[in-house]
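Open the model in your viewer and follow along.

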Amino acid sequence: MITATDLRLTFGEGTPLENPALRGMSLTVNQGEFVTVIGSNGAGKSTFLNALAGEVLVDSGKILVDNIDVTKLPTHKRTGRVARVFQDPLAGTCEGLSIEENLALATKRGKHRSLGTAVKKQYREHFRASLATLGLGLENRLTDKMGLLSGGQRQAVSLLMASLTPSSILLLDEHTAALDPKTASFVLELTQNIIAEQKLTALMVTHSMKQALEVGTRTVMLHQGEVVFDIAGKDREGLQVKDLLNLFEQQRGLTVDDDSLLLS
Ligand SMILES: Nc1ncnc2c1ncn2[C@@H]1O[C@H](COP(=O)(O)OP(=O)(O)OP(=O)(O)O)[C@@H](O)[C@H]1O
């Protein structure tokens, strides 16, 4: 369970470029929830995920992960609790290491890391079996360098890595956005399967309002660094993109800028 309370973060405070990215952002994500996060450009979606992961430290507010206060902890001290897949397929994996070495690093997430010279046999069999579930034939390419894989294959392996060891929350930051449509829908389906099978708690940022409604159990919209609406359960069932736009208008008295949201 994640509880973020009244998070505030201003970039470049006191400078001409002062930019309040989080302005009282509060959200509780319960165990097993799969929350989709939408919002126009600059709404604070990535900053919020960065704050949860510890990549930026907030100016004020509190972040609890399973009731442990992580607000002031840097990323490496949160890695056992927070797993992440990035938009850029090149981020989050080491292209110079083999697939199995990347997976071995992921199993050590949150623990003292020492790669050693060889991946132990019992791990290798486990990795082979896990990779086989992706249906990409990567179980036969354990020693291939990660850098040889396509963007979609890398995102699939990143997802596997993020779910190899237990974490309190999985953060997905537009992780299909850099992929072609067919690969993106494969990776999205894989994401849904992994989250459902392992009963993961997840937050997924997407620019597609349609996707935000089709995927997950709850949808949160951010605007100017705070939550403008949060819908789940019966309230969310059957909702369409136009209903989300109406909700936004009701909450803010503003019309969403069509250029800043992809209404696909
Ligand atoms: N490291 C940084 N330094 C300065 N300003 C930043 C930094 N990171 C983000 N910002 C600013 O904070 C605001 C929120 O950015 P953020 O990336 O969180 O928005 P977003 O909702 O993820 O947008 P997008 O959909 O365009 O990715 C923006 O105005 C952005 O320019």
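This is a predicted model: local features need pLDDT of at least 70, side-chain atom pairs count only at pLDDT 80 or more; totals for chains, interfaces and linings use all residues.

**Whole chain.** Show the protein as a cartoon. Eight helices and ten strands make up its secondary structure. The radius of gyration is 19 Å, close to the 18 Å from the globule rule for 264 residues, so the chain is as compact as a globular protein of that length. Turn to the C-alpha trace: along its principal axes it spans about 60 × 40 × 35 Å. Colour by burial next; buried residues are 39% of the 264. Now look at contacts between residues at least 6 apart in sequence: 68% of them join residues at least 24 apart.

**Ligand.** Select the residues around the ligand. Among them are Phe11, Gly12, Asn19 and Ala21. The list also includes Gly39 and the run Asn41, Gly42, Ala43, Gly44, Lys45, Ser46 and Thr47. Which element gives the most to this shell? Select α1: it supplies three residues. Strand β2 (19–29) and helix α1 (45–53) each supply at least two. By type, the shell holds three nonpolar residues, eight polar and one charged.

**Two positive phi values.** Most residues other than glycine have a negative phi. Select Asp6, in strand β1 (residues 2–11). Its phi is positive, about 50°. Asp6 is partly exposed, with 14 other C-beta atoms within 10 Å. Finish at Gln224, in the loop between β9 (218–223) and β10 (226–232). Phi of Gln224 is also positive, near 45°. Gln224 is partly exposed, with 17 other C-beta atoms within 10 Å.

Note on methods:
Residues are numbered from 1 along each chain as its sequence is written. Helices (H or I, at least four residues) and strands (E, at least two) are DSSP runs, numbered from the N terminus. The radius of gyration is taken over C-alpha atoms; the globule rule is 2.2 Å times the number of residues to the power 0.38. A residue is buried if 20 or more other C-beta atoms lie within 10 Å of its own, exposed if 12 or fewer, and partly exposed in between; C-beta atoms are placed from the backbone. Two residues are in contact if their C-beta atoms, placed from the backbone, lie within 7 Å. A residue is near a molecule or strand if its C-beta atom, placed from the backbone, lies within 6 Å of it. Ala, Val, Leu, Ile, Met, Phe, Trp, Tyr, Cys and Pro count as nonpolar, Asp, Glu, Lys and Arg as charged, and the others, Gly among them, as polar.
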